[in-house]
Amino acid sequence: MREDDRREGVWRFLTYTVLLAAVVVTLVPLYWIVVAATLPERAFLAAGSDPRLLPGGHFLENLRALQARENVDFLGSIRNSVFVAVTYTLLSLVLCSMGGFAFAKYEFRFKEPIFYAILATLILPIQLLVIPLFLLVSRIGLTNSFWAIILPWAANPLGIFLMRQNMRSIPDALLESARIDGATEFQLYYRIALPTMKSSLAALAIVLFLFQWNLFLFPLVILDTGKYTIPVAINQLVGAQRVYYDQIMVAAALSIVPIFLLFLFLQKQFVSGILAGSIKE
Amino acid sequence: MASDPSTSTGLRGVGWRAADALRYRRQALARRLPSFPGVPYLFLAPFFVLFAVFLAFPIAYTVYLSFFEFQGVGEGALLWIDFGPVFVQLPRMADLRFVGLANYARLLEDAQFHNALSNTVFILAVQVPLMIGVALGLALALNASFVRAKGLFRTAIALPVSANLVAYATVFLLLLQEHGLVNYLLTGVGLPAVPWLSSPFWSRLSIVGAVTWRWTGYNMIILLAGLQTVPEQLYEAAEIDGANRWEKFRYVTLPQLRPVLLFVLVTSTIGTFRLFSEPLIIDEGGAPTEATRTVVVYIYRMAFKQFELGYASAMTVVLVAIVSVLSIVQLKAGGEDDA
């Protein structure tokens, strides 16, 4: 009995050690971004000497230097990113929920083949479509337009999959009785399916928002100065001839804040949203 | 439409009570709804139009393009429809010269492509098992009944997934400098400094480390949720049979977790194959390019620095084929020996 207790104690100790170690490893770089953003460059690049590990008072100076940059309008890029991500998320939610509704609640010819064809594209790394998309977008005159990075991924295969999975749980009887009461098919979608799917929609919204917020390769190819999204803007800071690390750190810190807040508040939905696609068969 | 006589002629029987008739009518009405068969297509149409234009067409066009040499953006038109007032012109996408399989033949001899592919495979082979192993370990630890503050641990460990790709890659570039924080900590505890970015071997591992840092928490969350779906009775039954901790893991947890593990494995494999931001940024930060250049970075340079779009397309086709085969093999292997 005693032996068992001791073993259990050791086991608990090990478990907590592992978890705490993981927390330290994940948080140190994040903490360091915040610290570095508030220090003059020479203080955190500390060549050979002790690096500073506490925040300093240099944040505003760094921010001012960042804003004074000629080739990158960083605050503008935050605005661009927010606009693109929000528009994209809303548009994609509408498309995916309507499509998901059709797949979940109607019978029609070629339903299965169409659905599996859409599903199959999940295996493709869609970033690899950059070349044809680049040609397509330049031919239809969308180069350097936000629509060029919103439209191509709006018909999101993962989104339609999640929506179909979740909408199957809407009882047919509910839809039937609404039909009898004279609701049109669109009202069924709008008045019944959407409200009951609120939490799934929230989950999908987070996934879509994060996806668009982090898109890098295609915006890098398609956008010009003035339309940069955050990742492209930061990359512009790195690629310059002399790397201004203090400004980069401010940019990195600022770029992370909104998404952290979103993540903290909506974490539960995020989890369920991803899971809906992975586990339910 | 009017196959059911009761709906077209209304109330017929004299002896019917009005309520019955009404119910009957409603049922008949419900049976023939939705009112016209096109409804599901209407719901699907917006999705499908964008899907066809921006996903299905580009996939097909990549394959097409891989047989051509790109010579500039197209001037002429592919298709004209001219009906008086209606004038539709589908522009030709590009000026191309047919080269048959030449792009693919060139791939066979391109040492840089082979190098990029082997870098990618190296990163995949080290990173994916490492990450899934750590994520599974953390998920198991976090799933233990005695652990307090689960939500806090979970949030903290998963936080990196929300970090901006480019921002975090830049931060790692800084942390891993010769005189950066990581080496400072290493030398502080008496270990030698590591040439993270200047040695080919270590720069690859730096990328592995950065990717693992970002994605482990995300995968941990998925695995954790999977663990919570394992029925408690299975563990109780195993305990009655005298199973120890390891045996419970081996014979209950692992088999139950298989679909979730498979999902994590396939998505991670796809993710690693399209690795781009991290190597690009660490590249530009001065690491030996030859060691860290992934296939997608090479495709990007070929396509948008050299404008060899046909050749880059051929590479894309090959990469997609590899990813697809690998995913299907993983799915098959993971599904088949299901007892």
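Here is a short chat about helix packing and aromatic rings in a predicted model.

Me: Hi! What should I know about the model and its numbering before we start?
Reply: It is a predicted model, where local features need pLDDT of at least 70, side-chain atom pairs count only at pLDDT 80 or more, and totals for chains, interfaces and linings use all residues. Residues are numbered from 1 along each chain as its sequence is written, chains are lettered from A and ligands numbered from 1 in the order written, and side-chain values use heavy atoms, leaving out hydrogens and water.

Me: Which residues of H4(A) and H3(B) meet?
Reply: On the H4(A) side they include Leu95(A), Met98(A) and Phe101(A), and on the H3(B) side they include Phe43(B), Pro46(B) and Leu50(B). Contact means heavy atoms within 4.5 Å.

Me: New topic: how many aromatic pairs are there over all chains?
Reply: A search of the whole structure finds 40. Rings of Phe, Tyr and Trp (its six-membered ring) pair if their centres lie within 6.5 Å; planes under 30 degrees apart are stacked, over 60 edge-to-face, and the rest tilted.
One of the pairs is Tyr168(B) with Trp213(B), which is stacked at 5.8 Å centre to centre, with 25° between the planes.

Me: Where do Tyr168(B) and Trp213(B) lie?
Reply: Tyr168(B) is in helix H7 (residues 165-175) of chain B and Trp213(B) is in helix H9 (residues 200-227) of chain B, so the pair ties together parts that are 45 residues apart in sequence.

Me: Is Tyr168(B) buried or exposed?
Reply: Tyr168(B) is buried, at 1% relative accessible area. Trp213(B) is buried too, at 8%. Buried means under 20%, exposed over 50%, and partly exposed in between (1.4 Å probe, protein chains only).

Me: And what does Ser277(B) touch?
Reply: Leaving out residues up to four places away in sequence, Ser277(B) touches Phe216(A), Leu165(B) and Ala169(B). Ser277(B) sits in helix H12 (residues 277-284) of chain B and is buried at 4% relative accessibility.

Notes
Helices (H or I, at least four residues) and strands (E, at least two) are DSSP runs, numbered from the N terminus.
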